[in-house]
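Here's a quick briefing to read alongside the model. Take a look at the structure first, then go through the points below.

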Amino acid sequence: MSSHTFKPDMPPPSNSIGAVAWMRANMFSSWLNTLLTLFAFYLIYLIIPPLLHWAFLDANWVGTTRADCTKSGACWVFIQQRFGQFMYGYYPPELRWRVDLTVWLAVLGVAPLFIPRVPRKAIYGLGFLVLYPIIAFTLLRGGYLGLDNVATTEWGGLMLTLVIATVGIAGALPLGIMLALGRRSNMPAVKVVCVTFIEFWRGVPLITVLFMSSVMLPLFLPEGMNFDKLLRALIGVILFQSAYVAEVVRGGLQAIPKGQYEASAAMGLGYWRSMGLVILPQALKLVIPGIVNTLIALFKDTSLVIIIGLFDLLNSVKQAGADPKWLGMATEGYVFAATVFWIFCFSMSRYSMHLERKLDTGHKR
Amino acid sequence: MQNQIGAPKQRLSLSDPKVRAWLFQIITIVAVVSLGWYLFHNTQTNLQHRGITSGFGFLERSAGFGIAQHLIDYTESDSYSRVFVIGLLNTLLVTFIGVILATLLGFIIGVSRLSSNWVLNKLATVYIEVFRNIPPLLQILFWYFAVFLTMPGPRNSHNFGDTFFVSSRGLNMPAAIASAGFWPFVISVVLAIVAIVLMARWATKRFEETGVPFHKFWVGLALFLVIPAVCALIFGAPVHWEVPKLQGFNFVGGWVLIPELLALTLALTIYTAAFIAEIVRSGIKSVSHGQTEAARSLGLRNGPTLRKVIIPQALRVIIPPLTSQYLNLAKNSSLAAGIGYPEMVSLFAGTVLNQTGQAIEVIAITMSVYLAISISISLLMNWYNKRIALIER
C-alpha cells in the first residue's frame, strides 16, 4: 500500500489577507478611491495635529490667573477657575450642595426604573414624577423648611440649562399628548383649534416665542400679576415644544393598526378608556425614540435663552469670556461649552437608538 | 323599523355620543373665545395704563439708526417700514445662501457616509456626529467671536491672490460692475436657456419616437457657453471687476461680506449639512440593492443607473425631510440675534421694538413673516413632491 500524502495547503497570497489586503479593499480599490483616501488623509493632517497641539500638547493646565498661561496652546486654567460659574451660574457657592443633592436625587430616583427586576415600576415612576418636582423645587429655590431663598435670577450655568430642558419636556409631554389626540379627533371644532395651535408654534422660530413671552406676556396678564423671567421663558418653551411633541405622538397614533381602535370599541370601552388603556400605551411606546429626539432638540434650543438674558451654560461662558481679566479666552470657553453640550446630546441620541432597537417588537408592517 | 313599533321619542341625553360631541365642542369654542377675550381685555387695559397707542402708524416714522448691511439703499432718516424690508431681505439672503451651501455639503457628506472607502466613511461619520450635537447658536457664537473677530485687521489681512481679503472686517472681494455689454449679455443668457429647453424637448420627442439618443447634456452646455460668449465678443464684456484696495486703515472698493453674515452662514451651513447628510444617506439606502442589479442586468452603466434608477427613487424619500430642514434653516437664521446680524429678529424685533415700544405689533409682524416663509416653502416642496410622486406606478 502506498499512502498518498497531500502537499500542505499553500498559504493564501500575501496580498489577499491581513492589513495590506484590507487597505487595498477599503482604501485603494480604484484610482478614484485612492485619490479620495489621500484627500481624506490630507484633511485629517490639516485638522488633527494642530488641534491636538492646541488642546493637549501645548495647553496650559495649572495656574490661577491669565499670566500662568505661557504656552501657545489652550488656556484651560480659565475653565478651571470659572468652573463653578459654568455649572451653577451665580448660585451662592455655600448653597451649591443643594443643586448637587437635587441632581443626585434625580439619578438615584431614576435608577430603579432602568433595572429590569424592580417590581411595580409604573406606580413607582408615577410617584417619582409627582414627588420629585416638589422636592427639587424646594431644594433649588428654598424659602421653606429653613432653606435660604435663592431667587431664580441667580440660577445659571449647566444647572439652568438642565432645569429648562427637563421642565420643558415634562410640561410639553402631557400638553403634546392632548394636542395629538385633539388633532386626530372627529370633532371639527376641537380639531381646528389643535391644528391651528400646533402649526402656529411649529411655524415660528423659538427666538420669537421667547421674545413674545418676555415682552408680551406681561401685557396679556392682569396688572400687578407678574412672573419672573425664568417662568416666562419656561411657558414659552413648553408651548413651543408641546407642538413638536404633538406631531411625534400623532405619528405613533397613526402607526397603531385600525383593528386596535375597533377592538377596543367592540369591547365597549369609551373614548378615554380606549385611549388610556389600549391605544396610548402602544403608541407612546412606539414614539419614545422620537420623544428623546425632541428632547435633544430642546436641549440644544435651551441655549437661546441667552437672547432674553438668562445665564445658562452658553451665556455664562460668553459672559466669562468678556471679563477683562480673561480677555481672548473666548475659544476655550466655547470649546468647553460645545463639549458639554455634545456629551449630553450624543449620549441621548445613542440612548434613543438603543431604545429603538429594544422596543422594536414587531409593530412595523 | 323601530319607529313603526313606536320607539321612545329621542331625548337629549349625555350618554348619546352625538350630544356629547356637540357639548364638548361648544365648551372648547367657549373656552378658546373667552381666553382670547380675556387676553385682549388685559392687553387693552395694560396698554391704556402705560399710555401706548396701538396701531401700525409707527411704521411711517423715521428710524434714525444705521444698519451694517442693507441690500437696498438706506439712510438713517428712512422709515421703520424700510427697516423691516431690509431685515426681511437679510433673512432671505442668509436662508438662500445657507440652503444652497448646506444642500451641496450635505449631499457630498451623505454620499461619503455610504462610500466603500473606509477613511472617507469614518470622516463623514465623525463630521455628522460632531456638528449635529452642538447647538447652532453656540456654533454661530464660536465662528463670530472666536474666529472672525480674532482675525487680523485689514492691514494684516489674509490675502488670497490680491483679490480676496479676509480680515476682522469680513471678506472683501471684487465687485462686478455692470458695463456696456451687460444687458445684451443678460438677454443672451435668457436666449441660451430658451434654446436649451427647446433642444431638450425636441431631443426627448425624437428619442421617444425613434429611439435615437441625443447628447442633450453636451449640446446644452455648448449652447450655454457659445451664445453668451459670442454676445460678449460683439457687445463687449458684461461686467468689469473692481478689486478692493487697502487705503489707510480699511479697504476701498469691491464688495464686502460682513463677519456677522460669514459667521452665520458658515455655522448654519455646517449645522444643517450634518442633518441633510443623514437624510441623503437614509434616502439612498432606502432604494433596495435589487434595483441596482436590475439596472445592471438591463445593460445600464454606472451613470445612467444612478441618474435614471437610484436617484429618482431616493429623491422621493429625501424630499419631505429635506423640506423640513430648509424650514429649520430659515427659522434658525433668527439666531443671528446672538451676534447682531441685521435680520428680521435682531433688527426688527430687537432694535425697532426697543425704540418704539410697540411690542404687540412688532412681534406679530415678525411671527407672521416666519409663518409666511414656512408656509410658502412647504407649499413649494409639496408641489415638487407631488410632481416627483407621479413617477410612481
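**Confidence first**

Chain B has an average pLDDT of 83, with 96% of its residues scoring at least 70; pLDDT is the predictor's confidence in each residue, from 0 to 100. This is a predicted model, where local features need pLDDT of at least 70, side-chain atom pairs count only at pLDDT 80 or more, and totals for chains, interfaces and linings use all residues. Residues are numbered from 1 along each chain as its sequence is written, while chains are lettered from A and ligands numbered from 1 in the order in which they are written.

- The model's scores are ipTM 0.85 and pTM 0.85.
- Helices (H or I, at least four residues) and strands (E, at least two) are DSSP runs, numbered from the N terminus.

**Where the chains meet**

- On chain A, 44 residues are in contact with 47 residues of chain B (C-beta atoms, placed from the backbone, within 7 Å).
- H14(A) gives the largest share of chain A's side, ten residues.

**The sheet in chain B**

- Four strands form an open, antiparallel sheet in the order S1-S2-S3-S8; strands pair if DSSP finds at least two bridges between them.
- Strands S1 (158-160) and S8 (255-257) of chain B are at the edges with a single partner strand each, so one side of each has no neighbour in the sheet.
- S2 (residues 164-167) and S3 (residues 170-173) of chain B pair antiparallel over three bridges, and B:Val166 sits opposite B:Leu171 in S3(B).

Notes. Two residues are in contact if their C-beta atoms, placed from the backbone, lie within 7 Å.
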